[in-house]
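Hi there,

Here is the structure I promised to pass on. Have a look at it first, and then read my notes below.

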Amino acid sequence: MKRRDALARVALLVGGTLSAPTMAAFLEGCTTADQSGGKAFTAFSNDQLKLVAEIAEVIIPATDTPGAKEAQVAEFIQLMLKDCYYPKDQNSFLKGLQELSDKDFMSASPEVRIEWLTAAEDSAYAAADQTAQRRKAALDAGRTFDEPGVPFFRLMKELTLLGYFTSEAGATQALDYMPVPGSFNGCIPLEAGQKTWAI
């Protein structure tokens with residue numbers, strides 16, 4: 001399967017919510033620090049990795065199916081940030097992670113964690129709107145526009161969904177999975193409560 005085909009299927013799976021930098025990361029492949037300018041991220045510290053795992057678990061908690069921790073989403077996010085994102089995106093992610101660490105996210109109650117992540121999501125949407133307005137103004141004036149890094153929570157949520165639903169646990173237990181698919185049936189009735197098919 002080609003990279004573009006895989007991306008198209010994953011984008012459909014997560015509802016077409018992948019940002020341009022995430023799509024570019026798939027379509028362009030790996031980018032070195034020399035190509036993207038600046039010092040590249042190499043790995044999370046142990047504390048950062050635990051924090052990423054906790055945030056991912058809030059996004060996809062364990063229920064009757066495995067959660068993000070069991071699917072090792074934090075390790076996936078670390079690998080994706082290191083190998084596929086520009087330093088500006090890595091720095092944006094690390095800055096957002098530090099803000100949650102400074103608030104002592106690990107000791108917060110589940111309700112407070114959700115409140116903080118909801119605020120981070122609202123901030124990410126607001127930042128995306130401001131970026132779109134600045135981009136339009138620059139292009140209307142005939143100037144180039146330097147895209148800022150993807151806001152922390154948008155990248156966190158995208159990579160959590162991507163990592164989870166492409167993991168073995170997510171694909172085989174949270175989705176309907178057929179290891180050796182049969183013939184293609186374009187129109188079949190869905191039953192109430194039926195899971196989405198894994199890609």
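A word of caution to begin with: over residues 31–38 the pLDDT stays under 50, and for that stretch the model has 10 contacts beyond four places in sequence. This is a predicted model, so please keep the confidence values in mind as you read. Helix α3 (residues 33–36) has the lowest confidence in the protein, with a mean of 44, while α4 has the highest, at 96. Taken over the protein, the mean pLDDT is 83, and 79% of the residues reach 70 or more.

The protein has 9 helices and 0 strands, so the pattern along the sequence reads α-α-α-α-α-α-α-α-α. Of its 199 residues, 37% are buried. If you count the contacts with a separation of 6 or more, 67% of them join residues 24 or more positions apart.

Among the buried ones are F152, F153, L155, M156, E158 and T160.

What does T160 touch, leaving aside residues up to four places away in sequence? Its partners are A56, I59, I60, A68, V73 and I77. Two of these, V73 and I77, are also on the list of buried residues of α5, together with A74, Q78, M80, L81 and C84. Helix α5 (residues 73–84) passes the length check as well: its 12 residues should span 16 Å at 1.5 Å a residue, and its end C-alpha atoms are 16 Å apart.

Helix α8 also packs with α6 (residues 87–102), at an angle of about 100° and with the axes 8 Å apart. That angle makes α6 roughly perpendicular to α8. On the α6 side the contact involves D89, S92, F93, G96, L97 and L100, which meet F152, L155 and M156 of α8. Sorted by class, this contact has 6 nonpolar, 2 polar and 1 charged residues.

There is another crossing to see between α4 (residues 46–59) and α7 (residues 110–140), whose axes come within 11 Å and cross at roughly 90°. This makes α4 roughly perpendicular to α7. Here E54, I55 and V58 of α4 meet R113, I114 and L117 of α7. The residues of this contact divide into 4 nonpolar, no polar and 2 charged.

In sequence P110 is 52 residues from V58, yet the C-alpha atoms of the two are 8.1 Å apart in space.

Happy browsing, and do write back with any questions.

Best wishes

Conventions: Residues are numbered from 1 along each chain as its sequence is written. This is a predicted model: local features need pLDDT of at least 70, side-chain atom pairs count only at pLDDT 80 or more; totals for chains, interfaces and linings use all residues. Side-chain values use heavy atoms; hydrogens and water are left out. Buried means under 20% relative accessible area, exposed over 50%, partly exposed in between (1.4 Å probe, protein chains only). Helices (H or I, at least four residues) and strands (E, at least two) are DSSP runs, numbered from the N terminus. Axes are lines fitted to C-alpha atoms, for helices over the stretch in contact, and angles run from 0 to 180 degrees between N-to-C directions. Angles under 35 degrees count as roughly parallel, over 145 as roughly antiparallel, 65 to 115 as roughly perpendicular and the rest as oblique. Contact means heavy atoms within 4.5 Å. Ala, Val, Leu, Ile, Met, Phe, Trp, Tyr, Cys and Pro count as nonpolar, Asp, Glu, Lys and Arg as charged, and the others, Gly among them, as polar. pLDDT is the predictor's confidence in each residue, from 0 to 100. The expected span of a helix is 1.5 Å times one less than its number of residues.
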